Amino acid sequence: MDECGWTWIPDALDGVYTCRCEVSCVWSKSAAAVDRPDALLFEGATPPPQRMKGLPLRVYLDLEAARKPTGFEDIFIGYHAKDDVQVTYAGKSFHTSRSYHVSTEKRNDALIYWSSSRCLPHRDKVAKDFLSLVPHHSFGKCLNNVDGPDMALSMYPVCSTNDNGKPHWWDHLHCAMSHYKFVLAIENTKTESYVTEKLFYALEAGSVPIYFGAPNVWDFIPPNSIIDASKFSSLRELASYVKAVANDPVAYAEYHAWRRCGTLGNFGRSREMSLDTLPCRLCELVSKRGGRNADAL
C-alpha cells in the first residue's frame, strides 16, 4: 500500500500487517518501503482518470459530510455502510498521543462540556440557545466562557501529556471532558451515518453525549448511551431532562450500564469498522480484486 495526497491518516498506521486469508500487507507512506504497490490511496487529491492493467489500484477516501466519489477510483472509502470500505470514527489511531486519563469524579457546578474552534453559524446557534439553559463550560474559540481557548489544561493539570512541548487543545480534550457528566456533541452536518469523533470521544471519556446529528446514530453506539436531542420537542424540554438526570444518581447510572457489557452490538461493529482496522480490511479487498494485476476499468 502506498499513498498520495493524505491529509489526516496518521503515521501510526504505517507497518506490516498479517491479515485474514493469509494476506500480508505493507502499509506505508514511503515509496522506498513499497516500491511496487498494489494500490495507491488518495485523500484530498483526485486519482488519475485512467488506470492501465499492471498499475496500482486507485483508492479514494472521503469521510466528510458532503462525501462524493470522484468517479476515477477503483475503491471508495467512506463513512457509509454501502461504500466499498466503511470507516467509522470509533477507533483511536489518529490521536494516539492524547491524554486518556479519565477522571473518577464529575463536576456538579458545570454539568456540560463543550468545545469547538470551528465556529459554524448554525451549530453555534444551537449550542448558544441550549447552553443558555444549563450550567456548562465552553472551551475552544466558539462561545468560550472559561477565559480563553487554552484554559482546559490550567483547570485540569492532571491532563498534561508531559511531552515538554507546547500543549495543544486536542492533547487534553478527552481528559478534560471526562470531568463532566455530559458532553454536547453537535455534528457539522446532520445526515445519515455521519457520526464523528464528537460523539465517540464523549463515550470514551466516561461522559454522556447530548447528541445532535445523524438520524440513524443508534446504528453506531451502545444501547441507552446517549441523550438523543431529536427525541425532544424543544431545547427547553431537553435542558430540563438533562438537569433532572444529573440530579438523579440512578437515572444517570442507567446511561452507563452498557459499560459493564463491553463493546457489544452496534458499538462493537463500529469499532470493527474504525480507522484502526482499515489497513487489513483495505488490503484484503485489494487482494481479492487482484491488486495491480486487476483488469483496468
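**Notebook: helix packing and one buried isoleucine**

I began with two helices and found that the axes of α1 and α5 come within 9 Å and cross at roughly 55°. That angle makes α1 oblique to α5. I noted that the contact is made by Val126, Asp129 and Phe130 on the α1 side, and by Leu235, Leu238, Ala239 and Val242 on the α5 side. As to handedness, α1 passes α5 in a right-handed crossing. I record here that the model is a predicted one.

**Entry on α5**

I next checked the length of helix α5, which covers residues 235-246. Its 12 residues, at 1.5 Å a residue, should span 16 Å, and I found the end C-alpha atoms 16 Å apart, which agrees.

I then asked which residues of α5 are buried. They are Leu238, Ala239, Val242, Val245 and Ala246. Viewed down the axis of α5, these buried residues fall within an arc of 130°, so they line one face of the helix. I kept in mind a general point: an α-helix has 3.6 residues a turn, so residues three or four places apart point the same way.

What covers the buried residues of α5? I listed α1 (121-131) and α6 (249-254) among the helices. Strands also take part in the cover, including β8 (112-115), β10 (182-186), β11 (208-212) and β12 (227-228).

**Entry on α3 and α4**

Helix α3 (residues 169-177) packs against helix α4 (residues 197-204) at an angle of about 55°, and their axes are 8 Å apart. The two helices are therefore oblique to each other. I looked up the residues in contact: α3 contributes Leu173, His174 and Met177, while α4 contributes Tyr201, Ala202 and Glu204. The crossing of α3 past α4 is right-handed.

**Entry on isoleucine 226**

I last examined a single residue. Isoleucine 226 lies in the loop between β11 and β12. Is isoleucine 226 buried or exposed? I found a relative accessible area of 3%, and since buried means under 20%, isoleucine 226 is buried.

I then looked up its contacts, leaving aside residues up to four places away in sequence. Isoleucine 226 touches Leu199, Leu203, Val208, Pro209, Tyr211, Val217, Trp218, Ile221 and Tyr255. For one of these, tyrosine 211, I also noted the C-alpha separation from isoleucine 226, which is 6.8 Å, although the two residues are 15 residues apart along the chain.

Conventions
Residues are numbered from 1 along each chain as its sequence is written. This is a predicted model: local features need pLDDT of at least 70, side-chain atom pairs count only at pLDDT 80 or more; totals for chains, interfaces and linings use all residues. Side-chain values use heavy atoms; hydrogens and water are left out. Helices (H or I, at least four residues) and strands (E, at least two) are DSSP runs, numbered from the N terminus. The expected span of a helix is 1.5 Å times one less than its number of residues. Buried means under 20% relative accessible area, exposed over 50%, partly exposed in between (1.4 Å probe, protein chains only). The arc is that of the directions from the helix axis to the C-beta atoms. Contact means heavy atoms within 4.5 Å. Axes are lines fitted to C-alpha atoms, for helices over the stretch in contact, and angles run from 0 to 180 degrees between N-to-C directions. Angles under 35 degrees count as roughly parallel, over 145 as roughly antiparallel, 65 to 115 as roughly perpendicular and the rest as oblique. A crossing is left-handed if the near helix is turned anticlockwise from the far one by less than a right angle, and right-handed if clockwise.
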